[in-house]
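Subject: Structure for your review

Dear colleague,

Please find the structure below, together with its sequence. My findings follow directly after it.

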Amino acid sequence: MAAALGKHRCVCLLLWLFIPLSRTKNPRASMDDDLLLPYDHGHGPSHSHRYVRSCQSVLHGNTTYESWPASNHSVQPPSESSVFVTETTGSSRWVYGHMTVVHDPLSTLSVLEPGGPGGCGMNHRATVEETAAAAGCLVAQNAGFFNTNHNWCLGNVVSDGRMVQDSGGIQNAQFGIRRDGTLVFGYLSQEEVLDQSNPFVQLVSGVVWLLRNGEVYINQSLTAECDKTQETGVFRTFVDVSSARTAVGHDEQGRLILFHIDGKTNERGMNLWEVADFLKKNGVINAINLDGGGSSTFVVGGSLSSYPSDQCKPDGRWRCARRVSTILCVHPRRCQPENCSGHGDCVDGLCRCHQGWQGAACASLRCQPPHCGPHGVCSASGCVCDAGWRGDNCSQECLVGFYGDGCSQSCVCVNGGSCDAVHGRCDCPPGFYGDACEQVCPLGFFGPSCAQECHCDDLCPCDPQTGSCNVTLQEDTNVTLHRAGHCLAKQMFRSWQEADGGHPKQPHLSEQTWAVIVFTLASLLCLSLLLHSLRAHHTSLPTPFPQRQDYSYVPLNNISGTGPPAAGDGIKWGTRRFRLDDSDSQD
């Protein structure tokens, strides 16, 4: 850079005249009189990308573009602009221009449509000042070509990750920034433009690849970009003529270089050979040429900082900035994407990711699928485990007594039953069954699920867990058996009665008959007692031998069987007759 040339008085006078005029906002419109067109009709060559690839040197193989990792230094301010004045090679022409170094292209540079989003779709044109002011650009310069009759944006345009238009594979020099920050310069096929594996977040088309890997590449560009249907003189003139120029490139550190010089076609400025040589001397590695002539404009802080070459209308004494299409805008650091993929907050151009997200764009989960193993899936909050699993990486089963999602539900199994960790179903130990293992096996069954039958003598019950016949039953079981036996006995007795005659036996005598019998027997008993009492009374009367009351007197002759004495014997007999039962004798 020829900084020492600033000592010349003419340069000082030039700066004194140009800068105040360029910073004065002028409501007048440009006449678009200083046109610098690479093609006399249409835009771009008609041949394919294959043709470009075939024509290039074997040194480059099949690759028709160059990639370079962009610098990402987060310094403030994001760019540094310098004003330079230099003498063109082999002449006494002095050139005034600007060079801007962008330290973090991915975060601080954007390709903008004229007037803002949608400008190309509406065939709109706007001055660099207007577009830059609306977007808050710190530094801005014009970029892509446009159709001066219909105001169409020409070439490929990608603005802040949004595909504005696709050129359909037209082979002009391209500048782009991919999502990972890679800078791209050169010729691209339509497939490469539309590739989504590492898509472009910024892309704009120029004309002529100035430098490739630090070497001037204009001759190769003449072959690649010149249309066969037109005279090569038009395109060659575009390359060789002195005019105001705009270019973009990068240095070895990956910093983006914006280049602008003032001029007027055929009067002052630089041709593309001089531009390429100047950029090479200043450490630029790859660079392409952008729209120039009256379109060449440089804006700092929203104000025009260059000297336009277009005359104003209606008064041609003044110079006015041209309404152009796309621009390159250097802005305060922005997050890419600006909303941090919806998973973070943009602070000073850096995404502060929400919990569970990571990366410069907060686009990837901290938890990656292999981390959660076969029993979980990744989410913003970490691993979400399947039902029955827990832990940071879902590698641990639920603790005993818990189940379900997050192992948050408690098991209800009793009697030593274990709980299924997924659904909570109880797995009962031998001897128990039921939803919660709350029931003992029915009598006569034992084992897991009470599926085995006891084989004890006399059909006696067995141990519900082991099936052992030598078992002491629990108290409640004994009570149950007692009740069951009592019930069974009564049922059996009733069934026997019903089987004997088909109905219960009825008594032989009725209750009335029994009452008569009882009454009769009672009467006889009373009569017997009465007679016995009378007999006892009669025995108690006086006898002929009062001194002997303990025996009866019976005459001996009467015992011998002789008849009674004669009446004249003078002996009187009692009226009682002797009976065997009246004697006291035992012989």
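This is a predicted model: local features need pLDDT of at least 70, side-chain atom pairs count only at pLDDT 80 or more; totals for chains, interfaces and linings use all residues.

Elsewhere, salt bridges with shared partners connect Asp32, Arg125, Asp310 and Arg322 in one network. In total, the search of the whole structure returned twelve salt bridges. One of the pairs is aspartate 32 with arginine 322, whose closest N and O atoms are 3.5 Å apart. These two residues join distant parts of the chain, being 290 residues apart. Aspartate 32 sits in the loop between strand S1 (29–30) and helix H2 (49–55), while arginine 322 sits in the loop between strand S19 (312–313) and strand S20 (327–330). Are aspartate 32 and arginine 322 buried or exposed? Both aspartate 32 and arginine 322 are buried.

A further salt bridge is formed by lysine 264 and aspartate 33, where the closest N and O atoms are 3.9 Å apart. Lysine 264 counts as buried because its relative accessibility is 16%. Aspartate 33, in contrast, has a relative accessible area of 35% and is therefore partly exposed.

The largest nonpolar core has 31 residues, and the members that touch the most others are Val208, Leu210, Phe235, Phe238, Val239, Phe259 and Leu279. Which elements give two or more residues to this core? They are the strands S4 (94–102), S12 (209–212), S15 (256–261) and S16 (284–289), together with the helices H6 (218–225), H7 (232–240) and H8 (272–281). H8 provides the largest share, five residues. Another core, of 27 residues, lies apart from this one and includes Ala143, Ala224, Val248 and Leu290.

Phenylalanine 238 deserves a separate note. Leaving aside residues up to four places away in sequence, phenylalanine 238 touches Leu36, Leu37, Pro38, Phe145, Val207, Val208, Arg245, Leu272 and Asn289.

On the surface, a nonpolar patch is formed by Trp514, Ile517, Val518, Leu521 and Leu524, which together have about 500 Å² of accessible area. Tryptophan 514 is located in helix H10 (residues 511–539). Its relative accessible area is 48%, so tryptophan 514 is partly exposed.

Finally, some totals for the chain. The chain contains eleven helices and 36 strands. Of its 587 residues, 41% are buried. The chain exposes about 33,000 Å², of which 55% is supplied by carbon and sulfur atoms. Among the contacts between residues at least 6 apart in sequence, 60% join residues at least 24 apart.

With kind regards

Definitions and conventions. Residues are numbered from 1 along each chain as its sequence is written. Side-chain values use heavy atoms; hydrogens and water are left out. Patches are made of residues with over 30% relative accessible area and no salt bridge: like charges are joined within 9 Å, nonpolar side chains (Val, Leu, Ile, Met, Phe, Trp, Tyr) within 5 Å. Accessible areas come from the Shrake-Rupley method with a 1.4 Å probe; for residues, only the protein chains shown count as cover. A salt bridge is a side-chain nitrogen of Lys or Arg within 4 Å of a carboxyl oxygen of Asp or Glu. Helices (H or I, at least four residues) and strands (E, at least two) are DSSP runs, numbered from the N terminus. Buried means under 20% relative accessible area, exposed over 50%, partly exposed in between (1.4 Å probe, protein chains only). Contact means heavy atoms within 4.5 Å. A nonpolar core is a set of buried Ala, Val, Leu, Ile, Met, Phe, Trp, Tyr and Cys residues joined through side-chain atoms within 4.5 Å.
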